[in-house]
Amino acid sequence: MFRSALMITFALLASPLGLAQAEDRPTLEIVWPQPGSAVDLGNDPEKAIGVVVRSNFALLPAGQCGTNRQCGHVHMKIDPDGDTCNIPGRPYNSMNSDFGGNLIKARFGHCPKAAGQHVIGVLLADDHHKPVLVDGKPVTALVTVTTK
């Protein structure tokens, strides 16, 4: 259920890219936090934690890939079945454009309840915010954590 909701929600961000070629199959995974782990919330007003992702795509801030077709950025949602944790006025909670690379700031302070069980969902997007597709499906990853 989370996967289908994540795909539908992120598909609304923009029209999709064409299908990836087999040799270009993009990958995306959440390296940290680990599934089922308990994570301390940050002490800042956004109660932010760092989420580390890994991809075989170069991960740069949006708009900086140029002609590199193996390049993109990551959109993240917390609790992707709804939009309750999004940044106000945005269809996501965060992007790796804050830092570039594989670190994303998860802002739990935007959630109605920052502490508790949450699903972190990430989506690989191209330089123009369009979801990267494999076999017609967006490249995504999910992890469930408990924040405290």
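A residue is called buried when its relative accessible area is under 20%, a cut-off that the close-up views below rely on.

**View 1. The two disulfides of the predicted model.** This structure is a predicted model, and it holds two disulfides. A disulfide is a covalent bond between the sulfur atoms of two cysteines. When the bonded cysteines of the chain are numbered in sequence order, the pairing reads 1-2, 3-4.

**View 2. The disulfide of Cys65 and Cys71.** The sulfur atoms of Cys65 and Cys71 are 2.0 Å apart, and the two residues form a disulfide. The torsion about their S-S bond is about -70 degrees, and the disulfide is therefore left-handed.

**View 3. The disulfide of Cys85 and Cys111.** Cys85 and Cys111 form a disulfide in which the sulfur atoms lie 2.2 Å apart, and with 125 degrees about the S-S bond this link is right-handed. Cys85 sits in the loop between strand S5 (71–78) and strand S6 (94–95), while Cys111 sits in the loop between strand S7 (103–107) and strand S8 (116–125), so the pair ties together parts that are 26 residues apart in sequence. Both Cys85 and Cys111 are buried.

Notes. Residues numbered from 1 in each chain as written. Predicted model: local features only at pLDDT ≥ 70, side-chain atom pairs only at ≥ 80, totals over all residues. Heavy atoms only, no water. Disulfide = S-S within 2.5 Å. Helix = DSSP H or I, 4+ residues; strand = E, 2+ residues; numbered from the N terminus. Buried < 20%, exposed > 50% of the residue type's maximum accessible area, 1.4 Å probe, protein only.
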